[in-house]
Amino acid sequence: MVQKKFITIYETLRKDILEEKLVYGTQIPSENELVEQYQASRETVRKALNLLVRDGMIQKIRGKGSIVIYQGLTEFPFSDLISFSEVQKGLGLEHETEVEVLERITASEVPNVKEALEISSNTWLWHLVRTRKINGQVKIIDEDYLIEALVPNITKRIARQSLYAYIEQDLNLVISYSNKSITFESFGALEYQIFGDYVVPYTATVRGIVHFEDTTKFQYNISRHLATDFKFNDFSRRR
C-alpha cells in the first residue's frame, strides 16, 4: 500500500524535530515551502502539520507560521490541560478547593520562577496556593505563579472556582499548551502540614509552564499529588 503523502510529510518533520535538526523555538518551513518541497496540495500539508500540533511538536502562530515547541524526552507532556474543577465534574466526584495563599510578590523573590518564565526581577506575580479535596480529603496542593500584567485582578473567589474559566471567559485569552516535568519528592513542612502523616510520605510533584496561543508564558505551576494516588497520561494541549 502506498503511504499517503501527508503521513510522509508528518513523519519526516517529526523525525527532524526528534533528531534536533529542528530545535525548540525555531520556525519550520512555511506551508508554501512544504507545498513546493513535497509537490503536495496545501490541504495535504495542513493535515501533516495538524498531526504535529496534536503530538505537541509544533505550535501554529497566526502571521508567523509554525514554531517547534517540543523540548525533548527530559520533559513529560501530560494529556488534558484542563482545570481541576473540569476534571472533577467529568469524574462526578465530590470536590472542594480552598485558597490557602493569595498574594502579590515580585519575581526577585522566586528566582527559579523568574528564570522559567523569562521575566525581569521587578515583574509582579500572583502567588497562589490552593488545596484540592476529593471526598473530603486533601489530595493535591497546587502552587501557582502568574504574571499579574497578563492575568490581572485575581480574587479568592476566582481562584476557588476556576482560574482557567476566568482567563478564557472573562479575559478572552486562549490557553494553549504546557510543558511539564515530574519528580517524586519526600514530604516537606508544607506537605506534612496539609496532607498529614502518611506511610509513604512522598509526592508526585509536577512542575509546568503554561503558554497562551501566541506562545507567551504566563503561569508557572507546581502541583503536588500524593504519590500513592497519582497517575498520568501523555500530552497536554488545551487548544
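Select Phe 187, Tyr 192 and Phe 195: ring pairs link these residues into a cluster. Rings of Phe, Tyr and Trp (its six-membered ring) pair if their centres lie within 6.5 Å; planes under 30 degrees apart count as stacked, over 60 as edge-to-face and the rest as tilted. The model is predicted, with pLDDT of at least 70 needed for local features and 80 or more for side-chain atom pairs, while totals for chains, interfaces and linings use all residues. Numbering starts from 1 along each chain as its sequence is written, and side-chain values use heavy atoms, without hydrogens or water.

Next, select Glu 191, in helix 8, residues 189-195 (helices are DSSP runs of H or I, at least four residues, numbered from the N terminus). Glu 191 counts as buried because its relative accessibility is 9% (buried means under 20% relative accessible area, with a 1.4 Å probe and protein chains only). A polar atom of the Glu 191 side chain lies 2.8 Å from the backbone nitrogen of Gly 188. Leaving aside residues up to four places away in sequence, Glu 191 touches Ile 141, Gly 196, Thr 203 and Arg 224 (contact means heavy atoms within 4.5 Å).

Move to Phe 212 and Phe 218. The structure holds three aromatic pairs. Phe 212 and Phe 218 form a stacked one, 4.1 Å centre to centre with 5 degrees between the planes. Both Phe 212 and Phe 218 are buried.

Finish with charges over rings (NZ of Lys or CZ of Arg within 6 Å of the ring centre and within 35 degrees of the ring normal). Select Arg 104, which lies over the face of Trp 124 at 4.1 Å from the ring centre. Then select Lys 47, over the face of Phe 6 at 5.4 Å from the ring centre.

Note on methods
Helix = DSSP H or I, 4+ residues; strand = E, 2+ residues; numbered from the N terminus. Buried < 20%, exposed > 50% of the residue type's maximum accessible area, 1.4 Å probe, protein only. Polar contact = N/O pair within 3.5 Å; in protein donor to acceptor, adjacent residues only side chain to side chain.
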